[in-house]
Amino acid sequence: VQANAAQGSAVTSVSVPFPTANTMGNLIVVFVRMSTTTQTLSVTDMVHNTYVDAVSQPQSTDGHQIHILYARNIAGGSNTVTATFSASNNHPWVAVYEYSGLSATSPLDQTAHAQGISATASTGATGTTANAPELVFVGIGVPATAFGGTITQGSGYTMLQQDTSTSRAANESLIAASTGSFTGTASLSASTDWSAVLATFSAAGVVSNS
């Protein structure tokens with residue numbers, strides 16, 4: 001439906017407004033890239049939706065972490081999402097997305113996460129999805145300042161948003177028309193420390209087998 005993003009520098013929180021009002025019953029997906037592997041994260045918004053941390057991954061060599069969070073069956077209205085950190089965070093980036101047509105009761109199906117050092121980032125494979133269609137949402141994190149190259153979406157995925165400045169990260173997605181196991185990948189223009197997370201979300205009206 002809509003998306004937006006913001007980055008910060010040495011801040012304790014980052015707020016991202018939606019361009020237009022949210023629609024009641026939709027799903028919000030939030031991606032957070034933050035410095036350090038030890039700080040904690042909380043996500044809130046103006047209309048009091050509850051956010052669940054679906055999957056996260058620290059990058060132990062570089063010292064950053066990434067998260068995919070979601071809020072289901074959301075309240076409608078003008079809305080701003082805020083990610084709050086347990087201490088001042090050097091290079092956070094927060095991206096928000098509103099989706100329609102996803103389950104209001106139990107949207108999260110499968111997750112995967114990994115870290116590595118190479119020119120290809122990969123989440124690793126999920127378990128077999130229970131339903132179809134599903135949204136497959138991927139987040140990639142790379143070093144904030146040591147990586148000056150480009151991030152390119154993996155085969156079959158569409159690049160959604162990315163930070164090309166000092167809070168380096170990217171999001172990509174696809175709509176899976178059939179069940180299966182999914183892996184999120186991205187090509188990096190140079191070998192670097194990367195983190196990768198993936199979450200799949202079921203469409204409304206499907207029957208979960210989990």
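View 1. The model is predicted, so local features need pLDDT of at least 70 and side-chain atom pairs count only at pLDDT 80 or more, while totals for chains, interfaces and linings use all residues. Residues are numbered from 1 along each chain as its sequence is written, and side-chain values use heavy atoms, with hydrogens and water left out. Along its principal axes the C-alpha trace spans about 45 × 35 × 25 Å. Of the 210 residues, 50% are buried (buried: under 20% relative accessible area; exposed: over 50%; partly exposed: in between; 1.4 Å probe, protein chains only). Among contacts between residues at least 6 apart in sequence, 80% join residues at least 24 apart, a contact being heavy atoms within 4.5 Å.

**View 2. The five-stranded sheet.** Five strands make up an open antiparallel sheet in the order S1-S8-S3-S6-S5; two strands pair if DSSP finds at least two bridges between them. Strand S1 (2-7) and S5 stand at the edges with a single partner strand each, so one side of each is left without a neighbour in the sheet. The twist averages 10 degrees from one strand to the next, where axes are lines fitted to C-alpha atoms (for helices over the stretch in contact) and angles run from 0 to 180 degrees between N-to-C directions. S5 and S6 pair in the antiparallel sense over seven bridges. Val55 has Ile68 of S6 as its bridge partner, and Asp53 has Leu69 of S6. The hairpin of S5 and S6 has four residues between the strands, and Gly63 takes a positive phi near 90 degrees there.

**View 3. The three-stranded sheet.** A further open sheet has three strands in the order S2-S7-S4, with antiparallel pairing. Strand S2 (11-17) and strand S4 (41-45) are the edge strands, each pairing on one side only. Neighbouring strands are turned by 20 degrees against each other on average, direction ignored. S2 and strand S7 (residues 80-89) pair in the antiparallel sense over six bridges. Ser15 has Thr82 of S7 as its bridge partner.

**View 4. Nonpolar cores.** The largest nonpolar core has 19 residues, of which Val29, Phe31, Ile68, Tyr99, Phe137 and Phe201 touch the most other members. Such a core is a set of buried Ala, Val, Leu, Ile, Met, Phe, Trp, Tyr and Cys residues joined through side-chain atoms within 4.5 Å. At least two residues of this core come from each of strand S3 (27-35), strand S5 (52-59), strand S6 (64-71), strand S8 (93-99), strand S10 (134-141) and strand S14 (183-202). S8 supplies the largest share, four residues. A second, separate core of 18 residues includes Val142, Leu174, Ala176 and Ala186.

**View 5. The salt bridge between Arg33 and Asp62.** The structure holds one salt bridge, defined as a side-chain nitrogen of Lys or Arg within 4 Å of a carboxyl oxygen of Asp or Glu. Arg33 forms it with Asp62, and the closest N and O atoms are 4.0 Å apart. Arg33 lies in strand S3 and Asp62 in the loop between S5 and S6, so the pair ties together parts that are 29 residues apart in sequence. Arg33 is buried at 1% relative accessible area, whereas Asp62 is partly exposed at 27%.

View 6. Asn26 sits in the loop between S2 and S3 and counts as buried at 10% relative accessibility. Beyond four places in sequence, Asn26 touches Val1, Ala71, Arg72, Asn73, Ile74, Glu98, Tyr99, Ser100 and Gly101. Thr129 is in the loop between strand S9 (108-125) and S10, and is buried with a relative accessible area of 5%. With neighbours within four places left aside, the contacts of Thr129 include Asp109, Gln110, Glu134, Ser178, Phe182 and Thr200. The C-alpha atoms of Thr129 and Thr200 are separated by 7.9 Å, although the two residues lie 71 residues apart along the chain.
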